[in-house]
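This briefing is for a reader new to the structure shown below. It starts with the terms and the overall make-up, then turns to single topics.

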Amino acid sequence: MRIVWLQCRVEMLRILRNPYYVFWSLAMPITFYFIFTRIFNTGGDDVQLWQAHYLMSMTTFSVMGSAIMTLGIRLVQERTNGWDTFMRITPLPGTTYFFGKMFGQTVMHLFSIVVIFLAGYLVNGVSLSINQWLLSGLWILGGSLPFLAIGTLVGTMKRVDTASGVSNAVYMILAISGGMWMPIEILPRIMQQIGHWLPSYNFGNGAWAIIRGQAPEWSNVLLLLGYLILFMLLSTYIRKKQEAV
């Protein structure tokens, strides 16, 4: 148990020192939130609802980016530097190594959620019930799992610059098409139709429903679960193929 804790602790420290995490997961979402709720308020008549809605958008945006980019690029860096090969010849079980990564990343997601929720309260005085704060936080934490799976898929790439470019592109496409930067209703009709099937929209939609006093739709849950299984299977298959070579 002590080995597991030490591995998790090391992973958390490494994430905090990662510039990708600091920029994409904290600085950028908070900056966007300030700009689009204080400078360019595009939320229509119900300002309070818009501020809460966009707070959820930026929190899911933050966690999604951390899962895809921070985890994925770090996995590629470790393989490129030979760290994963070294870990395989140590007594540390492979499951403990990956558990430490997943646990560390999840703790950092929780940290991001708390920081951005706090920013929403301080910047705009966003007022939600205790249940809404807790449920939306738990939804975002649980809904991040498919994006962690995407991160492990990015981590199978051979070059850091390739992984960085691909993860950036995937991250931005999912964010824009999923309605995180702007309401999906203002996008072209074809993008709306595609967006409703993307994991990013279903991730955000669950949180948007909670702040309106509703429960996430079952379609959101099932689609996120389906994406989780799909990306985990792909990642596992590719890793086994790479290890066999």
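Helices (H or I, at least four residues) and strands (E, at least two) are DSSP runs, numbered from the N terminus. The model is predicted, so local features need pLDDT of at least 70 and side-chain atom pairs count only at pLDDT 80 or more, while totals for chains, interfaces and linings use all residues. Residues are numbered from 1 along each chain as its sequence is written, and side-chain values use heavy atoms, with hydrogens and water left out.

**Overall make-up**

- The protein chain has eleven helices and zero strands, in the order α-α-α-α-α-α-α-α-α-α-α along the sequence.
- Of its 245 residues, 48% count as buried (buried means under 20% relative accessible area, exposed over 50%, partly exposed in between, with a 1.4 Å probe and protein chains only).
- Among contacts (heavy atoms within 4.5 Å) with a separation of 6 or more, 80% join residues 24 or more positions apart.

**Helices H3 and H7**

- The axes of helix H3 (residues 47–80) and helix H7 (residues 145–154) come within 7 Å and cross at roughly 25 degrees; H3 is therefore roughly parallel to H7.
- Axes are lines fitted to C-alpha atoms, for helices over the stretch in contact, and angles run from 0 to 180 degrees between N-to-C directions.
- Angles under 35 degrees count as roughly parallel, over 145 as roughly antiparallel, 65 to 115 as roughly perpendicular and the rest as oblique.
- On the H3 side, the residues in contact include Met64, Leu71 and Val76, and on the H7 side they include Phe147, Ile150 and Val154.

**Gln132 in H6**

- Gln132 belongs to helix H6 (residues 130–143) and is buried, with a relative accessible area of 17%.
- Leaving out residues up to four places away in sequence, Gln132 touches Ile210, Ile211, Arg212 and Gly213.

**Leu224 in H11**

- Leu224 is part of helix H11 (residues 218–244) and counts as buried at 5% relative accessibility.
- Leaving out residues up to four places away in sequence, Leu224 touches Trp139, Gly143, Pro146, Pro199, Asn202 and Phe203.
- Leu224 and Gly142 are 82 residues apart in sequence, and their C-alpha atoms are 9.8 Å apart in space.

**Salt bridge**

- One salt bridge is found in a search of the whole structure (a side-chain nitrogen of Lys or Arg within 4 Å of a carboxyl oxygen of Asp or Glu).
- Asp161 forms a salt bridge with Arg159, with 2.9 Å between the closest N and O atoms.
- Asp161 is partly exposed, at a relative accessible area of 46%.
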